[in-house]
Amino acid sequence: MSDLVNKVAEILNAPVDLVQRSAEARATASGVSVDDVLNSWAGGESVAASASPAPKKEVSVEEVVEEVSVEEVVEETVEERTEEFIKEAEPQEFIEEVVEEIVELKNESALSFISGVLLVGLFTFLFAFVIPKNQATDIVSDSLNNSVSASSEVIKGAEVYAELNCQSCHTQNVRTLIPDTQNGKVLKNKFANETLINNVGNIRLGPDLSTSATREPTNNSQWLTRYLSDSTSVNRDIPHPSYDFLDDDDLEYLITYLLSLGESNE
Amino acid sequence: MKIKLFPKNEQELSKLFVLIFPLTLLLSLTISFLKNAYFTFANLLPNNSVFNYGFLDRLDTQAALGLVFGASLCLSFSYLFSKSLGRSMVLFPIVFLTLLGVVGTEFLDILVNFFFQNSAYDLGNSSLLILLKILVVFGLFGLSTLNLLVKKEASIFASAQFIYGAVVFYLISLFIVRAELNVFSDIFLVNSLYTGTHIYVGVAFIYMAIVHFLMTRPLKAVLFNKTLSSITFWGFLFLLPWTNFKYYYGSVLPNWIENISIYLSMSLVVPLLAFLVNYIKTIQSKEVEEVRSLNLLNFSVVLFSITTIFHMISSFENLLPILGITNFVNVITYGLVGSLVLATISLSYYLIPKLYGREVAYSRLEDITFFGFKISYLLLLINNTLLGVNSGYSWNAGANTGSPTIYGEGFGIVWSLIGINFSVNTFISLVLLGSGFLYLISVLRAVSSGSITTVEEMVYSNE
């Protein structure tokens, strides 16, 4: 320890080893000698910040901060000096933060968002609806025996069927899957009246009615009249609505329609 | 409680829909209960032109997917849309009339069917009513586009994006439903795409809009990642409309569209994961520990995730012959509608203090209501999955089961397997009805006699 260190320690009223370490750190950071630093702390000229850099690698921000905590204990004068280092080290970090903020505030174009949604909508409408619909119609047009003919009574019966929403439980859609084909003849794509098409159904809760007119007892009009008017008279265990509220004409049309099933879907 | 007949701003309009939503939900749950009761006890209950399963089923679809969906859309649009864009709505009086029109036309649809059931078919999709619906929804589409174009926020918050997506696909679904049916495959195309656009995109997107709001603002949490939210939005928007075709596997639909539907359904895993990661990470950053109004939110996310996982699992080719055209298809709809209902209930409880200046006292009434809704929707999902699998399996298990025979033994076998599930469905819908009634009581109690608190002020301007 030199006399200069002891003198500075006395002036600053701090332990000698602390003053020594602080002076060394300051000297390394500023690129000057330890004696110059001690001289300036002892009342000489301040250390120039622009002094030529030391040959050693640059001191990291963390190291400087550590020194600050040491010098806090030493004295206010030392604190002021170290603050200069922090100020010198901070700008790099500050610039990074500003760049991040600019990214966050990037303007999102409403026009491109709206166009994107409309494009997806248009794409869906074209490729999931218009194209397959036209394709199916073209294929059916090119095939033989491509339409289902139905009398006006059958159509009226189909309308009663649709009003009663029978298609919410019964399908007329036997698929080309092996287990399903045991239920009757597979539904073929054909031109038909809109009401007949509408009655094909989506959910099979009750039996499929594709070929109900080709089987017993559903090929019998008397049985159908009895069953539809009072289903409990046939089977109490299976829940089926009784349509005794239908007027005679509507019931007759409905039965005519049910007796046509098996021809139309063949 | 003070509600203005002609609201002057979004806040007053939202107040109106906070009250309308429980009423529409109660109506829908009542019809749903009657429908299930008339299926299970068709032989015991007196049937007439209104009280029979077929008619009630149609009415139930209109109430749940039309009216309740419409009310949720209007509530989220009136409260969240302007908030997400950082300004008060332009042409507010027209927005008000249009939103009333959305709920009004859906309600009118139910009324017309109820009073003119014999002409229901004539009053169907080609009627004036559907044209009126298209006009109203087109108006909503135009107004939402206009409001998006003049937004004040730099970015569009996720809620506004989801609401806009729902409106656009709701409009598309109305165009699809009016399509002419020429050949048999047309009905499958129309039904699939209508389900894909209206139910899958429409319902799921309103749900997403509400969740993206509730997981951030009330919890003072920051959205974890905007990119993940964009993946959720564009992923679901692109995939969901295609996912219903697969349930007609083996039918007269073109094979390519069935196959595309299968692959795209499996791809739902991408937006689902993006949503879940975003949700969990966002919730983790919350600053408010407990918000009672959000009691149902986490559960709704679980319900939505289970539904989407079911959607993906049902895409396997060996399962499709069993699950297609059975009650399993309804599971997806029940799951999505259930998630939407739970999220909207959460939103309404959050909004009551903000809009009416009345605290909700979270007493036993609310606890029972929340529990009732949670358990019912979960059981509904499980029960209908079993129902679908059992009926699909038994229809395919042997010859004649799918066709009526002399002694009706075919359906007898099926009914012995699924009869219990239908009875459970009736019980669940009764619990749901009870929960819906308690929810209405709870909302009315809160807005009329809750302790007074500060009302939220919306201070947006168009300048």
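Trainee: How far apart are the end C-alpha atoms of helix H12 (residues 328–356) of chain B?

Mentor: This is a predicted model, in which local features need pLDDT of at least 70 and side-chain atom pairs count only at pLDDT 80 or more, while totals for chains, interfaces and linings use all residues. Residues are numbered from 1 along each chain as its sequence is written, and chains are lettered from A and ligands numbered from 1 in the order in which they are written. Helices (H or I, at least four residues) and strands (E, at least two) are DSSP runs numbered from the N terminus, and the expected span of a helix is 1.5 Å times one less than its number of residues. For the 29 residues of H12(B) that span should be 42 Å, which agrees with the distance between the end C-alpha atoms, 41 Å.

Trainee: At which residue does H12(B) have a kink?

Mentor: The bend at a residue is the angle between axes fitted to the seven residues ending there and the seven starting there. In H12(B) a kink of about 30° lies shortly before the proline B:Pro353, at B:Tyr350.

Trainee: How many residues of H12(B) are buried?

Mentor: A residue is buried if 20 or more other C-beta atoms, placed from the backbone, lie within 10 Å of its own, exposed if 12 or fewer, and partly exposed in between. H12(B) is largely enclosed by the rest of the structure, because the buried share of its 29 residues is 27.

Trainee: What is the radius of gyration of chain B?

Mentor: The secondary structure of chain B comes to 14 helices and 0 strands. The radius is taken over C-alpha atoms, and the globule rule is 2.2 Å times the number of residues to the power 0.38. For 463 residues the rule gives 23 Å, and chain B is close to that, so it is as compact as a globular protein of that length, with a radius of gyration of 22 Å.

Trainee: Is B:Lys220 buried or exposed?

Mentor: B:Lys220 is found in the loop between helix H6 (184–214) and helix H7 (226–239) of chain B, and has a positive phi of about 50° although it is not a glycine. With 11 other C-beta atoms within 10 Å, B:Lys220 is exposed.

Trainee: And A:Asn165, is that residue buried or exposed?

Mentor: A:Asn165 also has a positive phi, of about 60°, although it is not a glycine, and it is found in the loop between H8 and H9 of chain A. With 22 other C-beta atoms within 10 Å, A:Asn165 is buried.

Trainee: Which helix gives the most to the side of chain A that touches chain B?

Mentor: Two residues are in contact if their C-beta atoms, placed from the backbone, lie within 7 Å, and the contact takes 71 residues from chain A and 68 residues from chain B. Helix H7 (110–142), helix H8 (152–163), helix H9 (178–181) and helix H10 (194–198) of chain A each supply at least two residues of that side. The most, 18 residues, come from H7(A).
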